[in-house]
Amino acid sequence: MKCLLIICSLYFSCFVYAQNDTLQATVTSLKNKIAQAEDLEKLHLLDSLSNMILYRKDFAYDSIVRETISYALNHKARDIADKNTASLIFYLSNRLGKPKEATSLFESFKQRSDTTLNANILAELHLNGADSYYYIGKTEKAIRLYKLAESYARSANNQVILGAAKEYRADANADIGNFVKAAQLLDEAENIYTSINDTVREMLTQNSRANLYSQNGFFKEAREEREEVIRKAEKATYYPALLSALYNASIDDGFTGNYKRRIIHLKKALRYTRQSEYIDLYEPRLLNSLLQSYSKTDSLELALKILEELQSNPKRNTQGVFKNMHTSALSEYYLAKGNYQNALIYGTAYLESQEQSKNVINLIGAHEFLVNLHSILKDDSKALYHHKAFSKIQDSINNIQKINSLSYYQTLYETEKRDAQIQKQQAEITLLGVKNNIKNQWFLFGGISILSLFFILWLIRSQKYAKKKQVLKAIFTQELINGQETERIRLARELHDSVGQKLMLLSQKAKIIGDSDINTLTGNTLQELRNVLKGLHPSTLEKLGFSVAIQSLINEVDTKTYIFFTSEIEKVDPYLNKDVTLHLYRIVQELLSNIVKHSETKSVNISITKEDQAIVTVIKDNGKGFNFTEKYESAESLGMKILIERSKIINSKIEINSTVEKGTTAIISIPI
């Protein structure tokens, strides 16, 4: 067996060398012809040579294609110049990892006064230009260019570029936290690839969908998608999908804290990278990721070996597009070594770079790193600052509306895959009937019967999935709300017990030594912390009970606004359990907040009373009112939808009656 493998390897090597020798001979022949040719003949020979050695670094593609572009521009052959410019932009950003150089080349194309009118070339140019801006962190500009690429691709009826532009725009939207838009674009891209039977590119959309799942915490679904992509890509030896899936799987491993599996994925990706033509694009990022992973697992000897390998080629591995990644890896390396000063320098530099790029996932990681580091350094004020920044971004990325929409698209995607399989079976049954002329009538009858059966099954399945989808969505939303409340309580307790106690101790010490500035600063910080804690969890609920807490909330809103509040709050605490009081408090809090922000009312009346077997809460204002149905169905009605979900959690009924220019009345009835 070993002998056979050696013979096969030798045969393959000879075959590759023979191919390269043949290509080298052809290239040499073309170069000799180019040296003797002039004008249009020389231009077409240069263009042929550039296409022949497309993206081949070993044949000096970079210098030859630049010569082709320059010669084409001098002879006013815009289509040839722009076509090769598009290829060179792709080569620089997607193969060599030099996106800044690619953006400069794209801008030089835009400055030409008489640019090409070829829609296909314009689509490719803007697609590759958008990629280069995406790689340097200018995501919003990349999105604008992807849209232009879609427009040109539509004009040229180029479905491949149209699908790619939508797919890449989905990735960019996901990076800035716009997950709903990203999910919609992925659906559109996948439909395009399916229509043209491009199974290879479907793998890329599947990988992007897995990224979307993981960015929103659906790590199980993401892993299942990626494992399928890896199997398909290994079978097809399709490196773009394979390397991307393995690398993104390693990122998920980092999020879930499974660094052992992360290292396995990174090493596997590195092995495939060194077999592919993408070595300059992927090897630096994989080595930097390994440096970070070994540092996090305290494998400092292995981390040092990786660091030495990176530093053996610093221009490629630690500069340009890989600079931020290397900075992050070094911060983890120095933290593991106990060199906190260097860890702080690199950690701060990484945060600054991510604030410019607006990549929310990386920004969260940068703040989280500095929270841990400042906690080690006993710098509580800076740890609190980064914790607040981290929490703010985390809350925005966990936006309920976006997660609900993603859950919907996930269910819809799975349903459509099953429907596609049914349609395929229907087509196969119909085809069997057409091929057999002898038993045509029997097959026709059987085919119609089976199609009818499938149609009925499809209807039943569709109704079943629609109901299941609604139930899952409701359960997911309610669990998410409960999870948020639990997390708020935990954070409030941790901040009170750790940071709050330390600030009080600092205040006492400042009074003892007579430092008024520190005393004032500490007092202000304590007050700010109390406000944060009150927002996270109303302590009056536990200390004074529901009725007193609601009255306190009304009084607090009353003092901060010009609205006149009247209230009738009965002592209903004995009839409500802990969970119900918290959700009812949040409902009242949200309704009062909406009144202050939107109603333009002059007075508000709040009553909470016990009636028969229910606790009834009525909140009434005489403001401008609104159209409830229209408001609820709009994309901006997240707060109202949360009110409805909270009422479902406590098994209550909520009615919101509003008339334009006549005011609004909200009634919440909770059974005892």
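**A tour from a surface patch to a strand pairing**

Begin by selecting L453, F455, I456, L457, W458, L459 and I460, which form a nonpolar patch on the surface with about 650 Å² of accessible area together (Shrake-Rupley method, 1.4 Å probe, only the protein chains shown counting as cover for residues; patch residues have over 30% relative accessible area and no salt bridge, with nonpolar side chains joined within 5 Å and like charges within 9 Å; a salt bridge is a side-chain nitrogen of Lys or Arg within 4 Å of a carboxyl oxygen of Asp or Glu).

This is a predicted model, in which local features need pLDDT of at least 70 and side-chain atom pairs count only at pLDDT 80 or more, while totals for chains, interfaces and linings use all residues. Residues are numbered from 1 along each chain as its sequence is written, and side-chain values use heavy atoms, without hydrogens and water.

Colour the protein by pLDDT, the predictor's confidence in each residue from 0 to 100; the mean is 80, and 78% of the residues reach 70 or more. Over residues 1-17 the pLDDT is below 50, and this stretch has zero contacts (heavy atoms within 4.5 Å) beyond near neighbours in sequence. Where pLDDT is low, the predicted coordinates should not be read in detail.

Next select strand β3, residues 614-621 (strands are DSSP runs of E, at least two residues, numbered from the N terminus), where six of the eight residues are buried, meaning under 20% relative accessible area. Strand β2, residues 603-611, pairs with β3 in the antiparallel sense over eight bridges (pairing needs at least two DSSP bridges), and K620 is the bridge partner of N605.

Terms used: Buried means under 20% relative accessible area, exposed over 50%, partly exposed in between (1.4 Å probe, protein chains only). Helices (H or I, at least four residues) and strands (E, at least two) are DSSP runs, numbered from the N terminus.
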